[in-house]
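Please open the model in your viewer and keep the selection tool at hand. The tour moves from stop to stop, saying what to select and what is there.

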Amino acid sequence: LIMRIGICYDTKEDYGYESDNLNYTDFVSLQTVASIREALENIGHDVTYINAKNLINFIEKENEQIDFIFNLVEGIRSRNRVALVPAYLEFRGIKHSGSDTFATAIAQNKHFTKLLLRNLGINTPEGFVYECLTDSVIREAISLGFPLVIKPNSEGGGMGVVMVNNIDEFIYHSRYLIKKFNFELLCEKYIKGKELTVPIIGNGKESQALGVVAIVNKDYSDIDLYDAKKKYENNVIGILDFPCPDHIKEEIKNISLNIHKYIGINDYSRMDYRMDENGNLYFLEANLLPFLNREGSFEVCFKKIGKCYQDVIERIINSSLRRYSRSYSGFTL
Ligand SMILES: Nc1ncnc2c1ncn2[C@@H]1O[C@H](COP(=O)(O)OP(=O)(O)OP(=O)(O)O)[C@@H](O)[C@H]1O
Ligand SMILES: [Mg+2]
């Protein structure tokens with residue numbers, strides 16, 4: 001089936017930020033947009049770019065001529081930011097890749113996601129949310145015990161993530177981040193250990209966890225913190241062969257699939273974890289628009305089974321279409 005596909009995306013430049021501004025790192029890179037386009041064209045689709053700013057205009061004018069939107073829009077400065085384009089597309093009855101408003105809005109709030117997942121018995125770092133620095137917040141931080149991590153509760157791309165070692169650093173960075181992001185912060189116990197991530201493709205019962213990828217420094221040592229700077233510098237590698245028994249890896253894949261199905265995530269996602277030195281696993285967050293960059297975790301897993309980047313994109317599109325063939329809104333359990 002050959003389709004006319006619009007790749008819809010936004011960049012930080014669209015919102016007036018310089019390309020090297022590390023406070024806004026959640027957007028897809030133009031390089032990745034081009035890689036996705038190339039993959040879709042090689043599959044045979046007719047592809048057009050749609051900047052998020054022009055989406056409504058484009059749809060109202062050319063609705064008839066577009067079959068499918070590959071949605072990569074992150075939005076800005078709102079807890080709903082990633083959920084807005086899916087809402088519009090569903091309202092207009094337009095098929096698109098990725099999750100709907102409901103799942104997106106849940107996952108965009110790291111704290112609520114953790115609360116929900118505790119229901120499934122999933123282990124998460126102890127922590128709390130706050131939007132200003134009161135005495136009770138300071139007491140709470142001290143009683144959790146340092147080191148702690150603070151991060152904006154509804155951002156991504158490692159934006160604003162910092163480790164703090166004492167109460168002075170906690171106060172200093174909290175002040176800065178509250179001002180910068182103008183939204184609540186999440187404070188968590190710092191989990192020292194391995195950085196793990198699990199890419200998933202599919203819907204409901206057909207979902208598949210592709211593998212457990214460890215993100216490590218180029219010398220295979222553990223990374224302290226996968227923050228925006230590290231993500232930007234791209235000095236890390238994703239590896240599948242790291243010391244961890246196979247049955248544990250299978251268990252981590254199963255936990256990830258359960259999360260994907262429980263939140264009702266569409267088509268693809270990536271679950272982030274830390275594993276401490278005693279092998280305790282801590283869920284950090286669910287990414288519903290994970291980067292689909294070349295050499296990223298999806299491609300790493302596909303290469304391992306003799307497949308390539310184009311296969312990743314094809315599998316995502318096919319999952320999406322199968323979902324719409326089963327229901328109008330494209331939601332399936
Ligand atoms: N409690 C924690 N303990 C240790 N490290 C943490 C903790 N929380 C976050 N980190 C580090 O910060 C990184 C980014 O945190 P997280 O995944 O929660 O935010 P994000 O900005 O949404 O990430 P992404 O880039 O995946 O969108 C993690 O990958 C991890 O390296
Ligand atoms: Mg993450």
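Is Glu41 buried, partly exposed or exposed? Select Glu41: this residue is partly exposed, with a relative accessible area of 37%. Buried means under 20% relative accessible area, exposed over 50%, and partly exposed in between (1.4 Å probe, protein chains only).

Before going on, note that this is a predicted model, where local features need pLDDT of at least 70, side-chain atom pairs count only at pLDDT 80 or more, and totals for chains, interfaces and linings use all residues. Residues are numbered from 1 along each chain as its sequence is written, chains are lettered from A and ligands numbered from 1 in the order in which they are written, and side-chain values use heavy atoms, with hydrogens and water left out.

**Salt bridges**

Arg37 and Glu41 form a salt bridge, with their closest N and O atoms 3.0 Å apart. A salt bridge here is a side-chain nitrogen of Lys or Arg within 4 Å of a carboxyl oxygen of Asp or Glu. The two residues are 4 apart in helix H1 (residues 30–43), so about one helical turn separates them. Helices (H or I, at least four residues) and strands (E, at least two) are DSSP runs, numbered from the N terminus. Arg37 is partly exposed, at 23% relative accessible area.

Next, select Glu188 and Lys151, whose side chains meet in a salt bridge (3.1 Å, N to O). Glu188 is in strand E7 (residues 185–189) and Lys151 in strand E5 (residues 148–152), so the pair ties together parts that are 37 residues apart in sequence. Both Glu188 and Lys151 are buried.

Then select Lys194 and Asp222, another salt bridge, with the closest N and O atoms 2.7 Å apart. Lys194 belongs to strand E8 (residues 193–201), while Asp222 sits in the loop between strand E10 (213–217) and helix H8 (228–233); the pair links distant parts of the chain, 28 residues apart. Lys194 is buried, with a relative accessible area of 17%, and Asp222 is partly exposed, at 34%.

For a network of salt bridges, select Asp26, Glu74, Arg81 and Glu155. By this rule the count comes to 22 salt bridges.

**The magnesium ion**

Select ligand 2, a magnesium ion coordinated by Asp272 (OD) and Glu285 (OE) at 1.9 to 2.0 Å. Asp272 lies in strand E12 (residues 268–276) and Glu285 in strand E13 (residues 281–287), so the pair ties together parts that are 13 residues apart in sequence. Donors are N, O and S atoms within 2.8 Å of the metal (3.2 Å for Na, K and Ca); water is not among the atoms, so sites may look incomplete. Asp272 and Glu285 are both buried.

**A lysine without a salt bridge**

Go to Lys249, in helix H9 (residues 246–263). Lys249 is buried yet has no salt bridge, and the nearest side chain of opposite charge, Asp246, is 4.9 Å away. Lys and Arg count as positive and Asp and Glu as negative; His and the chain ends are not counted.
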